[in-house]
Amino acid sequence: MPNPEISKSNTNINNLQDYFERKKNFDWWSDAFNQMDWLPGGGLNNAYEAIDRHVKNGFGDRVAMIWVGKNDEEEQYSFLDIKNKSDQFGSVIRGLGMERGDRVFIFMDRLPELYISALGVLKAGGVIAPLFSAFGPDPVRDRMEDAGAKYLITSPELRNKLNDVLPKIKTLKNVIVVNKNGRHDEVLVDGDLSYETLMESEGGKDFEIEPTSQYDFSIMHYTSGSTGKPKGVLHRHQAVVQQWLTGKWALDLKFDDIYFCTADPGWVTGTSYGIMAPWTNGVTQLIYEGGFGAQSWYKLIEKYKVTVWYTAPTAIRLLMRAGSEVVEKFDMSSLRFIGSVGEPLNPEAVIWGNKNYKMPIHDNWWQTETGAIMCANYASMPVRPGSMGRPIPGVEMAVIDESFNPLPTGEVGALAVRPGWPSMMYGYWQKDEMYNSRFKKGWYITGDQASIDEDGYFWFQGRADDVINTAGHLVGPFEVESALIEHPAVAEAGVIGKPDPIAMEVVKAFVTLNTNYEPNKELRRELIRFARDKLSAGVAPREIDFIDTMPKTRSGKIMRRLLKARELGLPEGDTSTLEDD
Ligand code: ATP
Ligand code: MG
């Protein structure tokens, strides 16, 4: 174990882990399904569970969403407001002829209308496919064509970005444009519909939720594209059961929390934990239209007294870079729990968080395909910096060898999950073969490599594609990257295996530097030495290149395949999710 455990986050859950132990043979999923508020006739609808249920139970007045715009505008919506508005939009989209299972794309900044229309579509039985608003026209077109999109909900600026591609999407029936508070005075493109006009003409009073079953499709997300072309992952309404439970278990959500999830609904974290988990738990969400900013985020936490904050390693590394001085300017004493997902969280980041936020950052692991958190550092258990925690109850996870047998403690192998968890994807859209290839001998193969320690904590090693084979050792890039970022000069590191005639591969690192550091030969030598001291000589990078920006997906993940392709002069493959430089 590289670092000592950090115990105690400021939580009032007592020993969740003990509770799980005591209820070892308990059927968590049946129990959770029983706690859902089924629709008359036995249906299940995730938007109903998230919003309407609270209204029915007398909590309509509670604030569901505090929305803060890019220019600090503020709006508040109660659960009743969101129920009424999403009913209204449900009527609108149904009135336009949307049928159960139709794919409705939402290409919008984080505006309240994104959430309202998404919930309305779900209530009316449609499938939402939200896309991150920074995408260019081609990635949008690719996804809409792939999924056979029927409707698009967007805003004027983003609509303009798509003017050339939309006519090519043959399945598309209607484009609905949200012109929030008349922010723009553009005239609608011919044939487009105005969200505001449609909503005005629709009372929504007689709206009835589509009697969706737990097995109906609800959300479609394209994966981040870290390892190759993004895949369209289909989820079903029943995923809500696990999103609700893991909101409690892994994010420690309680009814009175003010919760801030920094992920965009264009990625799975932004729907599973930016819509479903908080709202099914009746929590008030702070939704910020703007992007990353150390000052602006801290200011929001202070002003709205955020208690639970869910973010990602890429953001945490930027916050570290912004420094402790910025943290000290704000009163963040309301915070009591911080979670992280998306990439491995470097031990250094956990330790930095513990020092600066006065609590550890809780890493948890899951994928677009798993639909919800699978493995977590719970609030009540000591955090082991660098570990992704332990599987949630009801989920069986293992590290297996090439014959699909579990490996002994400490050995690195393929991370696998026993199929059957409620939020498991139903399929990859029109990629059955690829879907089937993920299931082997009773396991779902995640594509990640990990090991398990003697106490059952899981340790992520790298993506199967990224693991480096050097002189007979398997080296996970994460370990090397984590060592490098402990050096004060290094902001971020991406590590690859570079083909080598003798060692098969050698470890090569690409690093970005913190301000005030100059790339030069001495620093390179120093970093190599520094890494050698931390790691063994065989694992430390043989070569280090300084780069200005780390190639990342728009969801903030380091794209090692791109570093490798660039190094080897090979084609870059799908770059539709690549962040702009
Ligand atoms: P693609 O499948 O298109 O290559 P992706 O795998 O990055 O992209 P996502 O579903 O967004 O798409 O990400 C899931 C992956 O992110 C996991 O398989 C894992 O590699 C990584 N990941 C997420 N959380 C963690 C974590 N806590 N620790 C380590 N890795 C994580
Ligand atoms: Mg993946």
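Which side chain has an N or O atom 3.1 Å from an oxygen atom of ligand 1? In this predicted model, that side chain belongs to Lys 231, and the pair falls under the definition of a polar contact (N or O atoms within 3.5 Å; within protein, one must be able to donate a hydrogen and the other to accept it, and residues adjacent in sequence count only if both atoms are side-chain atoms). A polar side-chain atom of Asp 448 lies 2.7 Å from an oxygen atom of ligand 1, and in the case of Gly 225 a backbone N or O atom is placed 2.7 Å from a ligand oxygen. Around ligand 1 there are 21 residues, of which Thr 223, Gly 225, Ser 226, Thr 227 and Thr 368 come nearest, a residue being near if one of its heavy atoms lies within 4 Å.

Residues are numbered from 1 along each chain as its sequence is written, with chains lettered from A and ligands numbered from 1 in the order in which they are written. Local features need pLDDT of at least 70 and side-chain atom pairs count only at pLDDT 80 or more, whereas totals for chains, interfaces and linings use all residues; side-chain values use heavy atoms, with hydrogens and water left out.

Helix α10 (residues 268-280) packs with helix α3 (residues 46-56) at an angle of about 45°, their axes lying 9 Å apart; helices are DSSP runs of H or I with at least four residues, and angles between N-to-C directions run from 0 to 180 degrees. The two helices are therefore oblique to each other, as angles under 35 degrees count as roughly parallel, over 145 as roughly antiparallel, 65 to 115 as roughly perpendicular and the rest as oblique. In α3, residues including Ala 47, Ile 51 and His 54 take part in the contact (heavy atoms within 4.5 Å), and the α10 side is made up of Met 276, Trp 279 and Thr 280. The residues of this contact divide into 5 nonpolar, 3 polar and 2 charged.

The axes of helix α9 (residues 239-249) and α10 come within 8 Å and cross at roughly 75°, which makes α9 roughly perpendicular to α10. Among the α9 residues that meet α10 are Val 240 and Trp 244, and Met 276 and Thr 280 are among their partners.

Helix α5 (residues 112-123) packs with α10 at about 75°, with the axes 12 Å apart, and α5 is therefore roughly perpendicular to α10. Here Tyr 115, Leu 119 and Leu 122 of α5 meet Gly 274, Ile 275, Met 276 and Trp 279 of α10.

Key. Ala, Val, Leu, Ile, Met, Phe, Trp, Tyr, Cys and Pro count as nonpolar, Asp, Glu, Lys and Arg as charged, and the others, Gly among them, as polar.
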